[in-house]
Amino acid sequence: MNELRCKVLIVGGGPGGYVAAIRAGELGLDTVLVEADRLGGTCLNVGCIPSKALIHAADAVHALTEPHSLNALGVSLAPPALDYARTIAWKDAIVLRLNTGVGALLKKAHVRSLRGRATLLDGKSALVNADTGEQRIQCEHLVIATGSEPMELAALPFGGDILSSTQALALTEVPGSLAVVGAGYIGMELGMAFAKLGARVTMVEALPRILPLYDEELTLPVTRRLADLGVETMLGARALGFAKGALRVADADGAETAIAAEKALVAVGRRARTSGFGLEALDLTMAGPFLRIDDRCATSMRNVWAIGDVTGEPMLAHRAMAQGEMVAEIVAGGKRAFDHVAMPAICFTDPEIVAVGLAPDAAKAAHGEVLIGLFPFRANGRAMTKQAEEGFVRVVARADNHVVLGIHAVGAGVSELSAAFSLALEMGARLEDVAGTIHAHPTESEAFHEAALKALGKPLHI
Amino acid sequence: MGQRSIRMPDVGEGVAEAEIVEWSVKVGDVVREDQVVAAVMTDKATVEIPTPVAGTVLALGGGVGDVLAVGSELIRIDAPGMPDSPPPAPRKSGAAKPETPAPAAAPVDEAPPAQTPASIASPPPRAVPSAPQIGAPRPPGERPFASPAVRARARETGVDLRFVRGSGPAGRITRDDLEAFIARPPEAPAKRTGKEPIMAVETIKVVGLRRRIAQNMAESSRRVAHFSYVEEVDVTALEDLRASLNARATEERPKLTMLPFLMLAIVKAVADFPQVNAHYDDDGDVITRFGAVHLGVATQTPVGLMVPVVRHAEALSLHECAREMRRVSEAARQGVAAREELSGSTITLTSLGALGGVASTPVVNRPEVAIVGVNKIVVRPVWRDGGFVPRKTMNLSSSFDHRVVDGYDAATFIQRVRTLIETPASLFIEANSF
């Protein structure tokens, strides 16, 4: 058996693991990255990236099928035809390009990447069943970045026509009908995309409203759009089972109905991957189903670190990346802590939702009196020219010192505004800072400026 | 569809304005007819305002703490099927508050010659929103406020940002603040005591009753030429009497405190000193002397100091005094006292019971001219008949408006009260037979 020694061993090549590896390599640490599958993890292979590719394709084809929008522009055309196999090939090409890119970046940073399944022996050694044979690795620092996987429902085990998000992204043709169990952000993004691609979609959610993690004001435009797209929504409903092209559902009153659906997508959340790789041998302290970490991502064992989804919510790629980068710098001797003010979250529904910082209710609970400024896109010129007047930007600030506590937006393309929102919160902007910044005209970002002005009681364009 | 304006009603005689102390509804709410929409406070009584129409709330006339003139719009309601309210009639000059705050130097509209003792001058113009705190110290538990670059630098240099004072807006710690801290770190404390400075700062908006108290107290302090007079009273005999009465207490005649006896003493004494049972209208240069003794009893309530009034104390017996005092002070504490029960006193009695201290300097409840304060009872050695004997004594600390009450009169009034208390039987002898 080969024996390999290194300074840092990273288990898992997702956004957390590969970023940790790149930074560790750049800092001159002898680094080994082990990944059982393809580099890039859930995000790059079966999550963020392919789903956004699919959403883009769905938007592209759907835009051609909305006659009233096109007619207004003076455009008319024959019904479009979709070659879904080519859509998927295009999506896969993007994923492959990014896979290769990550590999190249790791190489450039002098990281040794091993493809294989790691089994932890203790906090300083692991056994890897690699392509090149069994390999034993000794390290000084171990970084656990094993991520998460879709959660299964006992009544709806994955397989056959019951799909996880991973399998839904790998479909080779658009199903005629699709039942989506779970109206969280994954279910909503994919459900809306498949609806635009032509599937008849039914959403089934156990809670009384869609996207329950966001406040209702934010999700209302998405609810309206669902109706436009002809997506049926069953709220307060429980999925009981799937057989013979029908999903059995108990509605809020307990009455059973059957929803005809070729496929059922189960998107009820994700579960930390904490078993199957010898983690038990380390006996680390857990925080519920997750690995417990401190503000430096240290676990209960010295020089064993954990980053990303395996450490719990929010399960976001950018959180894992920031944690990975920080851990590499700590291992290299830097003094760092995960002390960020804001963790942006984006929901790529139609329209998109951005949430950074505290929503009004949470802000009130934490800081007492608050100021709220909301600016609707229907008063924004650029939004009009993009036929995207639905939605708004909303700013919440402390009433006493005007420090911005939260910025939320819903609207087409607002995901790109998240950079400005996060920067404002991280820099500790006050309403006056946002109000005193010139926002280019004509852009949708002006709504951010106006929302701050409105919170200060002096809006211009409303 | 009709827009109905509900105006600030005339909530009491001589009241020109009222302060909004609570909104029960907000813009957009649907209201039923007769539903209470707001609570407003006049001099001291709080009144709930119902809506006469059903509909949707369109606008509120002000925020909590705002003072609205009687007749100005309190709330606007969209009432389907009702005609629009007519525009407000031109107001009588002087009755309404000017739209814009008058400059401080402008003459202030005074309410018509004060009919109620607690009426006050027009309140100051509505406070502008408080300026944001600049460079405020951080309350405990609040994260220090700094950009990521400053936070990283602090971590690298081992500085805990919680100890760095921020000079930026809202207390933000700038790079310069941090560098200054690094260059000249505060001297290490000589010894760790386990104690830490607390940087908490809490801002409390003064509204409602607290604002009334503040205004009344300031006005009294500004206008009245206070002087205080403290005298020691031997209450041994009175305490003996009280103890024997209380030993035979029944449900109809419950145990008594010292106060009902003092009320009787004051009632008896003011009969000979009408100048202390009076109101002084210092704007009109008029002194009004009263035959009746409406005794204000300073009472601590959950929301602050109130002065409920025992009316016509001169017509009450000892137990009636006790019962009436209990009733009005309980009503004040529960917040259910009527307006008449909170105004119209002619002289005030204030007691902190066991907390009474040795002496105090009460503030005259303007436009009254006298207030009698009660201090705690203590056992003291008193020189009597060639030897020290233990006697229960108590101080009376009283304040008077020196503009209209002379020191000589005040002193003889208190001496009269003292004599009555020291010889408690005299409290119960009819005036004409005494």
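Thr87(A) sits in helix 5 (residues 84–108) of chain A; helices here are DSSP runs of H or I with at least four residues, numbered from the N terminus. The model is predicted, so local features need pLDDT of at least 70 and side-chain atom pairs count only at pLDDT 80 or more, while totals for chains, interfaces and linings use all residues. Residues are numbered from 1 along each chain as its sequence is written, and chains are lettered from A in the order in which they are written.

Thr87(A) counts as buried because it has 20 C-beta neighbours inside 10 Å. The cut-off for buried is 20 or more other C-beta atoms within 10 Å, with C-beta atoms placed from the backbone. Beyond its neighbours within four places in sequence, Thr87(A) contacts Ala57(A) and Leu82(A); contact requires C-beta atoms within 7 Å. Ala57(A) is 30 residues away along the chain, yet the two C-alpha atoms are separated by 7.0 Å.

Helix 3 (residues 48–63) and helix 7 (residues 185–197) of chain A have axes that come within 8 Å and cross at roughly 35°. Axes are lines fitted to C-alpha atoms over the stretch in contact, and angles run from 0 to 180 degrees between N-to-C directions. The crossing is left-handed, meaning that the near helix is turned anticlockwise from the far one by less than a right angle.

Key: Helices (H or I, at least four residues) and strands (E, at least two) are DSSP runs, numbered from the N terminus. A residue is buried if 20 or more other C-beta atoms lie within 10 Å of its own, exposed if 12 or fewer, and partly exposed in between; C-beta atoms are placed from the backbone. Two residues are in contact if their C-beta atoms, placed from the backbone, lie within 7 Å.
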